[in-house]
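Hi everyone, thanks for coming. Today I'd like to walk you through one structure, so please have the sequence and the picture open.

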Amino acid sequence: MSFPFFTESGSTELSGLFVEKPPQSLVAVTGMDLIIIAKVDSTTLTRKPTMKWLKGKWLDLGSKAGKHMQFKETYDRNTKIYTYEMKIIKAVAGDSGGYRCEVTAKDKCDSAPCQVVRLVSLTLCALYLRTHRDAGEDDGDLDFSALYQARDEVVKEEPPIDVWELLKSAHPSEYEKIAFDHGITDLRGMLKRLKKMKVVEPKHSEAFLKRLESCYSVEKGKKIVLRCEVMDPDVQVKWLKNGQEIKPSAKYVMEAVGNVRTLTLNRTTLADDAAYECVVGEDKCFTEVFVKEPPVTITKLMDDYHVVVGERVEFEIEVSEEGAHVMWSDVELQKDSTNHRIKKDGKKHTLIIQEATLADIGMYHAWTNGGHTKGELEVEEKQLEVLQDIADLTVKATDQALFKCEVSDDKVTGKWFKDGVEVLPSERIKMTHIGRFHRLLIEDVKPEDAGDYTFVPDGYALSISAKLNFLEIKVDYVPRQDPPKIHLDTTGNMVSQNTIIVVAGNKLRLDVEITGEPAPTVVWSKGDKVSQEEKTEGRVRVEARKDLSCFVIEGAEREDEGNYTICVTNPAGEDKAMLFVKIVDVPDPPENVRCLSVGEDCATMMWDPPVFDGGAPLKGYLMERKKKGSSRWTKLNFDVYESNSYEAKRMIEGVMYEMRVFAINSIGMSQPSLTSKPFMPIAPTSEPIRLTVHDVTDSTCTLKWLAPEKIGAGGMDGYVIEYCKEGDTEWVVANQELCERQGYVVRGLPVGEKINFRVKAVNIAGQSPPAVLSQPVTIREIMEYPKIRLPRELRTKYIRRVGEKINLTIPFQGKPRPVAIWYKDGEPIDPKMVNVRNSNVDSILFIREAERAHSGTYELVLQIENMEDRASIVLRIVDKPGPPMKLRVTDVWGFNAALEWAPPKDDGNCDITGYTIQKADMKTKEWFTVYDHNRRTNCTASDLVMGNEYMFRAFSENLCGLSEEACLSKNTAVIAKTGVYLEHKRSPYKEKEITCVPKFTQPLVDRSVVAGYSTAISCAVKGFPKPKIVWMKNKMIIGEDPKYLMRNYQGVLTLNIRKPGTFDGGKYSCMAVNELGKDEVECKVDVRTNQDLKF
């Protein structure tokens, strides 16, 4: 009698990954085995889950496996459920307590507690059974509460004690005692966890100003710089990697600039993922470098397979990098299986299934850290087909008997039986297997060889039988004069009287018994062609034996089919017999394989039957398809398909496919047909959306819509618009050609009728479902008041230059179509000067080359019956002005001359903006500008040269520029010589003192920047002699660090910080020094991370 355990709680509640959780409370029997079971469903998991059994809060029981504690794991492939079992052998009092099972699978986890409350002795169990001996089997679970009632009253539950808080506050000498009191046996594990829990305060370093960051992260192949600052700028440091000193090389570059020490790792690899140390004397600082691999993409996707049982399957993919990790679905469960194997060859990864079984059916997945692909495996059971049956034989003594059959699979082996007893090979009996043919050859046939012979293929419930008849020859006395006689054997290959069927390629040997005395002469002929007698060589020959004439055809061909005649003659007479030899063969391949129609993932194929059926009725066809450019054909059917049209399914939209067909008759399978033209499974688009009516007139209706939401690989060719009257069912196509725009005007509609409209999208796959208006549209124009929408730039004076092109578009609205009339200065416009084009929605005023005569006020009048709207446009055409008038010199004094003139007669149809005045010496007559853009009609020319005579000219200027001609002055200005020479007295030169102590005129400003984004801080300084500039961070000179770029442009100082990190924050200062003194400014730079920005 055994008592594994007793459950105190009710049914376990299911949640998370567990299908079955352990009971929350158990009562075990001392000395008996205790079993705890948990079940996990892996249907939704991508990898095998990991199970841990724990006792208490942290003790992992996996290290305790042995004689006392055992763990078991099983997997059901049908239900995909893992069963985990923990077995405690002969439970003792120390096994009571809290247990927990934790299951993790990638990003999912779940746990279930189990409490072993108390251990019951076997004596108590026996006592309970004695007191309940007369109870039935259905009295319920065992209840020990009465036996423990007194004990439960005495024992009081104490509040739980946190062992770790107790250990953290205790002296190390008390650790062993505390562990013993609380049942902790793994002292080493306890000390490791306690060490991690204690927070070690960082020691103040006297050798480092700034330590290395706690960790660095870099992508594989990139460069990373480890940087720290030391107190002594002359101290030597050592760099260690995983405790080993690093030597300088092209990969590891060590630099010392002032107080900064850097280690640069070039072209990082996964081997650089390690712990690094910087050692100064006995002090050191630590960091870790994490190298991230770039995502590995899948460059060649997985193909689908359709095979039969026993065939080899290879799921092959290619990834972007060699040596990349690829995870295959469900392969982890089959690592011990010899039928599944994973092969890696450079970038190629292959999952190989040596012999496919029905259990391998399903979807196979492959994952990388940057991609995913899948392929489906379909496995069909083997079906063996007998292509050529065994024929019954009748042979005579000492002759040869040959049984031959052909099956569809050339790998199938088998055994021969005679009357149920296996036939074993010997010198006289030989068995051969070549390709699909199995032969049994019996030499020197004897009477005991007669019987039923059967061939049984291995692994199939199939047998092929035939009978061997032994022909006994009785020799009777024959008179010497006996007319010849032909004795034909109608058994064997003869399907009807005198008809023999031979499979193409097989050997035909026809032994005809002939009697007659004297021995008759034998002649074989095919139609009118006579074969040579006694011809023992060649493919078709006649062999003569005693009382026999053997007609042999080696490797029968289609041309050998026909009527054969044997004629035997002797002096006593003659005899004739006619035989018809029918040659049967595999059929010719089907012809004209073509695609009739395609769908989103299917295509309908059709082909013509073969020209020659092989002489036997066709049984059906086998189809194969492949992707264009691929060499792997996939079977579409395993059972013979009788029709000559087939719908291929489960294809990928937008991928080009090719297809071929095999014909099958009772002899075998033909060669494949010619490959069909490539075709692509595509589907029509979805229906257009948001079909609305934009405008309606007495005979037209304008429709607008949006493109379909789903277009697919077939693209979009255009739209078809259809309409019908309300109540009718016949739809009329409105557009003869496809409409490429998303709008159309349906014309020629009857006035007052209610019309339904619909629109279909069209692509290479056909028409989409229609988009239909929710209600019919009444064809009747709606009256709308005329309204001119004058553009904003035309509401003021519109100015253009002479010769420019003018194109004014004035939009308007109104129904029915308004009549637009243009007026200029109250008169109708002259069509020879101005062109006007009107449409339904706007009017265009067009002037090819503007002239001054085109200036004026243009008015557009829009009329609908007795309603109208007006809008005016002021158009001004401007040109260059004429020259000024009456330019003269009014006064001359000293070195100056006063000029006056009158405005030009022609201002160019716009305001004069100024004048340009020029002077010329009468000697050189070279013109020099005195004034530009002079707005007044007078000016004074100064700085004239004494003794010279000057003439002047003036140009007028407006919006178009200067006048083409100038107005010359009517008189000249003569600067007379006075005889007095002026002497310039220079004041004594006094050198100015410009030396200056450095002083910052613009200080540095505190900045807050985002990590990873370059920034700059600036200030301005003055001083002479030019001061020397020193940039510092945290009072340490920056130096030639490539991370910083320092600039000085005319006293403006800029420090650029390239892509700062959190370690680049701090106080930055700039000091300017020259021989007279120094000055310094500083600011604080705060670097924020993305996490800081979120808060």
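Let me begin with how the strands get their names: a strand here is a DSSP run of E with at least two residues, and the numbering starts from the N terminus. And please keep in mind that this is a predicted model.

Asn909 sits in the loop between strand S72 (896-902) and strand S73 (914-921). What is the phi of Asn909? The value is near 70 degrees, which is positive, and the residue is not a glycine.

You'll find Asp419 in the loop that links strand S31 (414-418) to strand S32 (421-422). Asp419 belongs to a surface patch of negative charge as well, together with Asp389, Asp392 and Asp452.

S69 and strand S70 (residues 867-878) are antiparallel and share 9 bridges. For one of those pairs, look at Gly856, whose bridge partner in S70 is Leu875.

S69 has another partner, too. Strand S65 (residues 819-824) pairs with strand S69 (residues 856-864), also in the antiparallel sense, over 6 bridges. Within that pairing, Val819 stands opposite Gln863 of S69.

Now step back along the chain from S65. Which residue does the cis peptide bond join to Lys815? That residue is Pro816, and omega of the bond is about -10 degrees. Pro816 lies in the loop between S64 and S65. There is a cis bond between Glu517 and Pro518 as well, with omega about 0 degrees. Pro518 is placed in the loop between strand S40 (508-517) and strand S41 (521-526).

Four strands make an open, antiparallel sheet in the order S62-S64-S68-S67. At the edges are strand S62 (784-788) and strand S67 (835-838), each pairing on one side only. On average, neighbouring strands in this sheet are turned by 20 degrees against each other, ignoring direction. S62 and strand S64 (residues 806-815) run antiparallel and are joined by 3 bridges. Ile788 has Phe812 in S64 as its bridge partner.

Strand S14 (residues 238-241) meets S15 through 2 bridges, and the two run antiparallel. There, Lys241 stands opposite Gln244 of S15.

Last topic: charge pairs. Side chains of opposite charge can pair when their charged atoms come close. How many salt bridges does a search of the whole structure find? The search finds 44. One of them links Glu20 and Lys39, with the closest N and O atoms 3.8 Å apart. Because Glu20 is in strand S2 (residues 18-20) and Lys39 is in strand S4 (residues 34-41), this pair ties together parts that are 19 residues apart in sequence.

That's my tour, and I'm happy to go back to any of these places with you.

How values were computed:
Residues are numbered from 1 along each chain as its sequence is written. This is a predicted model: local features need pLDDT of at least 70, side-chain atom pairs count only at pLDDT 80 or more; totals for chains, interfaces and linings use all residues. Side-chain values use heavy atoms; hydrogens and water are left out. Two strands pair if DSSP finds at least two bridges between them. Patches are made of residues with over 30% relative accessible area and no salt bridge: like charges are joined within 9 Å, nonpolar side chains (Val, Leu, Ile, Met, Phe, Trp, Tyr) within 5 Å. Accessible areas come from the Shrake-Rupley method with a 1.4 Å probe; for residues, only the protein chains shown count as cover. A salt bridge is a side-chain nitrogen of Lys or Arg within 4 Å of a carboxyl oxygen of Asp or Glu. Lys and Arg count as positive and Asp and Glu as negative; His and the chain ends are not counted. The place of a charge is taken as NZ of Lys, CZ of Arg, CG of Asp or CD of Glu. Axes are lines fitted to C-alpha atoms, for helices over the stretch in contact, and angles run from 0 to 180 degrees between N-to-C directions.
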